[in-house]
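Let's take a look at how two chains meet, and then at one residue inside one of them. Have the sequence and the 3D view open as you read.

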Amino acid sequence: MQIEINGQAAYAYTGGKPFDASLPCVVFIHGAQNDHSVWGLQSRWFAHHGFAVLAVDLPGHGRSAGSPLPSIEDLADWIELLLERVGAGDTANFAAKTVSLVGHSMGSLTALECAFRHPARIARIAMIGTAVPMPVSDVLLGPAKDNEPKAIAMINSWSHSPRGTVGGNTVPGMWMLGAARRLMERQKPGVLHNDLAACNAYGHGMEAAAALACPALIISGSRDMMTHPKAAAKLAAVIKDVRSVSLDGAGHALMAEQPDAVLDALRAFIV
Amino acid sequence: MTYNFDTLALHAGQVPDETFGARATPIYLTTSFVFKDSDQAAALFNMERAGHVYSRISNPTNAVLEERIAALEGGVGAIAVASGQAAMHLAIATLMGAGSHIVASRSLYGGSHNLLDYTLPRFGITTTFVDPRDLDAWRTAIRAETRLLFGETLGNPGLDVLDIPRVAALAHEHGLPLMVDSTFTTPWLMRPFDHGADLIFHSATKFLGGHGVAIGGLLVDGGSFDWDKSGKFPTLTEPYEGFHGMDFSEESTVAAFLLRARREGLRDFGACMSPMTAFQLLQGVETLPLRMERHIANTRQAVAHLVKHEAVAGVGYPELDNHPDHALAQKLLPRGAGSVFSFTLKGGRAAGRKFIEALRVFSHLANVGDAKSLVIHPASTTHFRMSDAALVAAGIHPGTIRLSIGLEDAGDLIEDLNRGLAAAAKA
Ligand SMILES: Cc1ncc(COP(=O)(O)O)c(C=O)c1O
């Protein structure tokens, strides 16, 4: 569905069902250089099981217009604006918080920061493939600035587990590495560096995590080289109400590599 | 890390099976798959979860082949179908309907030509054929109803090398995709997506299998074409009543085409591949790099021999200086210009017949891309009804012979060719 936010056209996939603000809402927030389509095998299920789904294209990504937002804080405020615009969650009735945020990588930081800044609306957050802080080395930031194809190749090779690199996709006939690469190639020039720089600059994530007022789920892949499971464990240690799920053998591209396991963990947490 | 071509040819798409650890790809010779429970069944039908339901739509053995070819081509995914013809039909039927128009190279395999020129017009889809070397002809043939540009990477019968970068650029200027038939080149000789093509199909019957035991086709999606931006493909960008009201390009940014092709085309037209065939083709794909190298090495020797033989009037191979696409072949096909080519005997039809009858190693049949060397004389077989003048207009001489060079000992092949040439000279 199309939504206007800050005077700009934004798009959110609603999981194959019309958005119904009276239902509890699940917002899916993609990672750097991606779009809503990374959530196909998680979002559709929620939309067909009593939830209002918004799998967003962040500004400047996919079908959403404008420039990419330069910081995690900006992204968090944008999500809050989106929720306000569609009427998801009732800020006047704090006890009736019904919005769950599910984020991957950069999206996981966005979910965390949004719950920290706007606690009135957010019932829970799920952070997938996450690390706080999320430093991005110059080895990647450099090419992201001046050689995007090279940066995309690096991300693709680091984002998949040894098993994912060979294939065996849950979706029949799809080649995971090829699809991930093409999706990144679809984004506008400059988006990749913007996103990685935003992750790199996000400084107060641990404070936000320590102050988090809602329950959190952390899903990590045991073979994730982009956001190492050790970093996820450190994050979990500071959150008051936290549940951790480790997916054996999964890399950073968890939703593609183990779509059912990610969905099952989200169901157990949200439903 | 990611793997290189030869490793992908052996491994892509398959992890050892989790139940028994089988190293080879198991043949899932089953029509259907048991649901875990009603919830999972419903989720599979509604695409909330992915998995196999019924082997007309997908099958685990076929999926390995599909992923492997997609990996070798550098695409996002593939669909295995009953034949090369079925792959071409599935692509066209997914992209367009009655009233649509295709611009195609006129240098096509006869079966593709039949489908476009005679059969599809009955369903309201028409084609304009153009000289593949004439970019202006491609351009002027494009109309408001055009939905696809199509050609073979190496055309039939003159081995016209399709200038994929330029034809693709032209297609994209008009918001259209370029599909290529890559049967003669296989991803080992060229990866058309790297040059701008959007869709690829293969008659896997040929080099991908290599053994000549199975008919099959593969349709591969490059995942780069922006169907929404083009605005000419409502089958991919508008809700489809026939499948949950799904808008395929919203559902999948990079694989909308494959999604519709599988969920509609495979479901409704039903030209699926048998898992047995998928297994047999996988055996072939594993050795594709080794075989293609040998195909090319043998072909180069055969070409070099024929070029200097006194009974031969001419050889058409893009690696030769006098081939019109010599420079383009050097750019797009540095590893070789395939192993199917034609040469012309100085004698006419009679010489052609004598040549064929004298051969012992080459098999006289209507196929190409087998591990075994093959030969055919168009004037006395596929084109026998045509007059000499009509043949020449089609780029075929009465003394033209088409060879598909196999993997035998090159010396034996050349000795066999000499036997044929000696017989032809006496005709
Ligand atoms: C170039 C080319 N394309 C397509 C086909 C059709 O493939 P199939 O026979 O597998 O249907 C052939 C078969 O000869 C071919 O040579």
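## One proline and its neighbours

Which residues does Pro177(B) touch, not counting residues up to four places away in sequence? Taking contact as heavy atoms within 4.5 Å, they are Leu95(B), Arg147(B), Leu148(B), Leu149(B), Ala171(B), Asp198(B), Phe225(B), Trp227(B) and Phe233(B).

Pro177(B) sits in the loop between helix H7 (164–173) and strand S5 (178–181) of chain B; helices (H or I, at least four residues) and strands (E, at least two) are DSSP runs, numbered from the N terminus. With a relative accessible area of 0%, Pro177(B) is buried (buried means under 20% relative accessible area, with a 1.4 Å probe and protein chains only).

## About the model

This is a predicted model, where local features need pLDDT of at least 70 and side-chain atom pairs count only at pLDDT 80 or more, while totals for chains, interfaces and linings use all residues. Residues are numbered from 1 along each chain as written, chains are lettered from A and ligands numbered from 1 in written order, and side-chain values use heavy atoms, leaving out hydrogens and water.

## Where the chains meet

Chain B brings 46 residues to the contact and chain A brings 34 residues. Together they bury about 3,400 Å², 49% of it on carbon and sulfur atoms (that's the accessible area, with a 1.4 Å probe, that two parts lose on being put together, summed over both).

There are 5 salt bridges between chain B and chain A, each a side-chain nitrogen of Lys or Arg within 4 Å of a carboxyl oxygen of Asp or Glu. Arg163(A) and Glu18(B) pair up in a salt bridge through their side chains, at 2.5 Å from N to O.

Terms used:
Buried < 20%, exposed > 50% of the residue type's maximum accessible area, 1.4 Å probe, protein only.
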